[in-house]
Amino acid sequence: MKKLNIRYKIVLFIFILVWIILSLKIFVLTIKSHQYFEKLAERNMTKKEILVPVRGQILDRNGDPLAINELGFSILLNPFLKDKDLEKQIALIQGYFPDIDTSDVFKAYKKQYSSYNHSPIKVINFISYDKMQRYYAQIIQNPDIFVEPSTKRLYPGNASASHIIGYVGAADERDIANDPVSKYTSIIGKTGLEKEYNLFLQGHIGYRVVAVNAFNQEIEVLEESRPEKQNDLTLSIDMRLQMIADKEFEGKTGAVIVMDVHTGEILVAGSYPEYNLNDFVGGISYKKWNALREDIYNPLLNRLVNALYPPASVVKMGMGLAFLEYAGINENTKIDTPAYIELGGRKFRDWKPTGHGKSDLVKAIKESVDVYFYKLSQVAGINNIANVMKQMGFGEKTGVDIPGEFIGIVPDPEWKMKRYRKNWYTGDTVVTSIGQGAFLVTPMQIARYTALIASGKLPTPHFAKNFGNKDYEDRSEDVLDDFQKSKLSILQKGMYQACSVPGGTAYRHTLGSKMPLACKTGTAQVVQIPQDIKVRIKESQMEYFHRSHAWITGFVPYKNPKYVITVLLEHGKSGGSGGPIMVKMANALYDYGYLK
């Protein structure tokens, strides 16, 4: 009897325990999980769709298109196809469009395939309108193939201004992590202005919330927010002028910039050779990529901001300003400028074998008298010179709206010790004074520095002019003191004589200009001349890559300057070589009404 009672109690305990567990489960399902299942049910009744904005166009200042969106179609497949059916549908698509890679289509489908995916799977991103038009009526009758409108980036100018405009490419995982919108657009700016202003150009995504039935069919639109539309970017570039520069640089390597001296607006900017932007849309082929990479003239290099060159004699105006302030001279001080000076057993030669007699600052700029700068640089001192150079914008970014800009080098004793663990010598000062040695700049820095000499202020160069309906805000810095500003007219006079008066280093090369030019030439040596060479061979007799780089930079008109023109010809022999290009650009400014 006692054993029976114990068994009865055990059975009763188990019975009660089961009921307690069941009651708790019912409580969780009916009370605690109510909110969760309510949301789940709501999700089953509504569907949110992301509305992807069309990427903004890039236009020149006159509204001519530089980057647009070509209209076409994408192809999608039913999300529930088995392998045999999938292969059948891919074969059908290839029958219409033989150029497609069937393996890529298969991979694209498998990558997105899931038993939980009820939406059609995109397998071809873009088919042009003309190609699709022929077969559209046949394709849409197939219940497993879907066609949707699509766009592809198109660059009407092909290679023109390629280093400025840049290109778009497929967004990778890192891009998506940094810019979530690119997950939906699938593309992102990779270089140039496409990259710099990607967030603006891609716009803001929109969405639609719709009610659906059990068959995923739309019943009604519950909420909608349209994507960004005001995302066109207008540049300060004038493609009429740009195309003139392109023609002048055919078969040449280098860079050209035309910029407003006051606002920093860039009308022309070319880095040569260029490359076809359309080759990169949708992925460049290995053959074309390798051809670009292996090209000895490096068309992928943006010489405007990502290449460094010795500035040579184009920095002599800045040096002259430093001398007026720190060398105890004025603009009328004349000094002996023979054929060379001797320092530490080494001869530092002037470019003119007979020397220049006596020279003042205006003559030193006009005739590019090296010995004038050799002598006075030792009096002014390298630290004072370096400070003035930095004040004029060297050794820092210009702030131009192109990604990855280089800063260059303004050498001084501290820099040399830090870089090479070596002392600074007087010979270092002497070669720096004529823009050689370790002194390195970008063409954009030279253009900005020239604008400072012309206007008295250091502008921020820029390509953007309008963001939709909003104007770009021009910026310039007041970097010179009153004494330095008072001496700019002397530097301008020297530049005018260099360009427009017989005997000037650029005079023979700049004849035919419709407006008075002020300019300075520079010949940047790329190989050192041994001391025992007394008669240097002509640049034209040297191997191409041993020839000097040719600089010419200036402004127009001489009185009341409006535009800077900077030209760099890689291995262009002498500085005056770029003179005809400068004249072409100055005359084009006149012809198109920029100068009167």
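The link of cysteine 499 and cysteine 519 is right-handed, with 105° about the S-S bond. Cysteine 499 lies in helix H21 (residues 488-500) and cysteine 519 in strand E21 (residues 518-524), so the pair ties together parts that are 20 residues apart in sequence. Helices (H or I, at least four residues) and strands (E, at least two) are DSSP runs, numbered from the N terminus. The sulfur atoms of this disulfide are 2.2 Å apart, where a disulfide is a pair of cysteine sulfur atoms within 2.5 Å. By this rule the count is one disulfide.

This is a predicted model, in which local features need pLDDT of at least 70 and side-chain atom pairs count only at pLDDT 80 or more, while totals for chains, interfaces and linings use all residues. Residues are numbered from 1 along each chain as its sequence is written, and side-chain values use heavy atoms, with hydrogens and water left out.

Threonine 510 lies in the loop between H21 and E21.

| Residue | State and relative accessible area |
|---|---|
| Cysteine 499 | buried, 2% |
| Cysteine 519 | buried, 0% |
| Threonine 510 | buried, 6% |

A polar atom of the threonine 510 side chain lies 2.8 Å from the backbone oxygen of cysteine 499. The backbone oxygen of alanine 506 lies 3.0 Å from a polar atom of that threonine 510 side chain. Leaving out residues up to four places away in sequence, threonine 510 touches Cys499, Leu517, Ile552, Gly579 and Val583, contact meaning heavy atoms within 4.5 Å.

Terms used. Buried < 20%, exposed > 50% of the residue type's maximum accessible area, 1.4 Å probe, protein only. Polar contact = N/O pair within 3.5 Å; in protein donor to acceptor, adjacent residues only side chain to side chain.
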